[in-house]
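Hi,

Here is the structure I promised to pass on.

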Amino acid sequence: MLNSRSPPQYKQQSPGGSVGSVGSVTSASSSSLLVGHYQSAYGQQGHSHACYQHQLHQHQQQQQHQHQHQHPHHHQHHHHGGRTSLTPTMKRGKKQWGTRERSGMSFLIVITFFAVFGLIILTEVFMIDERTHNGMVAMRAGGGASLGGRMGDSMPDYDNVKDDYDLLDASILSDNKLGFIQLRDNKLKIQEAAGADGQRLAGMLLNGGGGGGGGGMGAGAFGVNVPLIPWGQVLPDKVEETLPHFPFGTRPTDGDWQVVNGTRFKFFVYSAYFDRREGARLVRVVGATKTRGPERVWCRFWYGPSSANATEAGSSSARAKYTSATVMARVKIIRENWNLKYSACFILCPVRAPPLTVPQFVSVVSRLRAPPGNLLTLRNTDQDVDFVNPTRNGTAKKGASASFPVPAPAGASPPSGDNIPDRIAVCVKPFHFNYDQALYLMEYLEFYALLGVSHFTFYNHTLGPHASCVLQSYQQGLVPGNLTAHDLQPLLPAEAARNATPRLLTSEHYQRPTVSILPWNLRMRSQKEIRTEGLFAALNDCLYRTMFRYKYLALVDLDEFIVPRYSDTLNELIGSLNQRFRNRNTGAYSFQNAFYYLQFADDVLASSGIDGGTDQLASVRASLVTQRKTRRRYKLHPQKQRSKYICKPEAVVEAGNHFVWEFAPGKGSLNVPPKEAILQHYRVCEFGGNDCIKAPSIVDRTTTKYVNRLVQRVDAVYRQLRQRCDLPALPPMPKPKAKPLTPPEKPNEKPKLVQQIREMDAKDPQDQKVTAAPKTTPKTTPKTTTTTTTTTTKATTKRAASKQQEKSNPTESPRSKPTTKAPIADRQSLPSVNVRKKRKLIVFEVNDFGVPVARVEYQ
């Protein structure tokens, strides 16, 4: 192989001492010089080509070594006409330089990112601070401060950090979230103000000399005296006289959405309540408005004539006796708004005494000079019809809905503390999508009535005809109220251990529940502008509507039932919890959620009827969701995740869907243990499909302790309202599953096979082996033997195969068959038997001791 190599060729050395790279191709003249050099060096001696290659290689190395000592810098600066060759050291240095460059660039990018992020944060902080502080500057003691800046857009709109009751404190004057009002040339402009001591002031600047305010002001840039009035106090009488009078053409409402005129965005109000808790005097209006930056509004209080002059309500003298007072309102957005454009809110208006007293009506306006577009009856006052002349349904008198309001007679203050009736009310979010499940609605009302609930409050957004007729029948008292059935109380673990006798549950104090239906025509797009028809406004309205009337309030949906495990009613459950925990500061009781998926199979007990009952009662029981669906998801949701609660209304300031957002001072929530009660939630899979039923589940038949009483009550209401409300017929009774038909040629093969399998299971394990022997013909193959296994499917298949083989050889006696097993290949070659494979499930059940027990089922 050495003979095939050609002699290397060198590039001619330049005069400057530069040399090309070894092995490069040069011109023909350089090649001839190299050959001549070789001949002169070796004296024209005849060497072999291998020796020639060896000598030439040594000469080349010596020449390169000398050149490196003479010109060391040429390794870095080569001839400009040749290719650059890099040594390993140079390559490693270049690689390190690239790594350092990339690291430096990454570090620079990170520093730049944090710098930009910090700049954004600082800009936001300074912009918020500037938005808070810009505007008109005023001095408290006649200082000559100049007024300037943009007026009317500087005051933030609401503050959800301070408690509502801080409004009555003297520290309100240092609230930098409020501003001044300037009334000049019949125009209102809102400004910020700063005191001479550097403190932020909240109030109103009014042109003109007099007025009841917080001190006088010297002549400013406007050349007029501008008195300072703190936020929440009444406007001066001279200003109040120039405002529009009482709107006699507007009907006072309580529980109906009305518009606030003159706003840029949608602004509606629904109801107004007087909040006197913790010594406060606050008008709280439930409304809905823009989530971010709601517009500023005012509260106008209306005072009517006394009850002695009520007959003269329509006369001119009565018109003159309606007086008003106006205060600046504060808009507080309810926290649970899902970041949508609009949200439920509270409009807070303090009633400072003196000089103000509790008004009869209130209007929310955005422009003082414009006539009010709404008129709300103030609830929870001493003149409230529920406290003056209490009724079961808590409905107002007919005079309140007339063209001119008729004031109520003087009455006592609302009850508080232990004086509140020990009753439970339920609030349900607005009906939507034309809800028309009449039978389920009966079940819902009667089940909670058995639990001790006295009153239900519903909000009608869209309701079907059948469901609407059922609710109106309850509201008008057209539903029978008798109950004679009884059930058996489940035994406690200790009682079951000593074989105690279950006691009867008779519901001796059962009362037909009362119902209130309020309209809910909120003109906002659900799920796009506001969350689920503004349900948080409904929950908080129901909270204040039931306050001082019911001791406990449950905020649940139509598919949710709070079921106690050992107590019969919710009153007994709450009493037991209060006795054991002894916490006077408990304001709410929270219950964990358990899903009873509707995709689960119905309980077989639901179609078994009622002991001693008729077919009608059996059909009713089979139609009740709480009796059909007894399998639930084994794992419960943690607290504050899909949980619901029962609260004391006077202990809650702001209610949420799954928990209380704000309690009154010193109040809190109690997490009820699941062994005491849970929230049973009947719904389809929350993410669609049927995958939810694959989760571990458990059979919980706690609701069956109400079955006899519930069936009797639903049946009585259904019979009473079937013709009146044109209710549909009850669903038919579920038919038992028919046995699969066997092939016609062998009608008795399958029953015999099942009977033989049962007989084999009853035998000894030694006798359960089924053997087979080869046939007498030489072409036959040995038959397989099978043994029973713990899996039902495998055992059934193997035994069926062995039985078919026995039937194929009727002339052969079983005693003559050897007990040898066939090869695996022969076992797999057997014909398959048409046996349906069963699915293995692990099912949890609650035993008599209340302990979950696992067992295996095959379906």
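Strand 22 runs parallel to strand 28 (residues 677–683), and five bridges join them; Phe 595 has His 681 in strand 28 as its bridge partner.

Before I go on: this is a predicted model, where local features need pLDDT of at least 70 and side-chain atom pairs count only at pLDDT 80 or more, while totals for chains, interfaces and linings use all residues. Residues are numbered from 1 along each chain as its sequence is written, and side-chain values use heavy atoms, with hydrogens and water left out. Helices (H or I, at least four residues) and strands (E, at least two) are DSSP runs, numbered from the N terminus.

Next, strand 14 (residues 424–427). Ile 424 and Val 426 point one way, Ala 425 and Cys 427 the other, and all are buried (under 20% relative accessible area with a 1.4 Å probe, protein chains only). In a regular strand, side chains alternate between the two faces of the sheet. Strand 14 runs parallel to strand 15 (residues 453–460) over four bridges, with Val 426 opposite Phe 456. Strand 14 also pairs in the parallel sense with strand 19 (residues 552–555), again through four bridges, and there Ala 425 has Leu 553 as its bridge partner.

Strand 14, helix 7 (residues 438–450) and strand 15 form a right-handed β-α-β unit; that is, with the strands pointing away from you, the path from the first strand over the helix to the second runs clockwise.

What does helix 7 meet in helix 14? Leu 439, Met 442, Glu 443, Glu 446, Phe 447 and Leu 450 in helix 7 contact Arg 709, Leu 710, Arg 713, Val 714, Val 717 and Tyr 718 in helix 14 (heavy atoms within 4.5 Å).

Last one: is helix 10 (residues 535–545) enclosed or open? Eleven of its eleven residues are buried, so helix 10 is largely enclosed by the rest of the structure. Among them are Asn 540, Asp 541 and Arg 545.

Cheers

Terms used: Buried < 20%, exposed > 50% of the residue type's maximum accessible area, 1.4 Å probe, protein only. Pairing = 2+ DSSP bridges.
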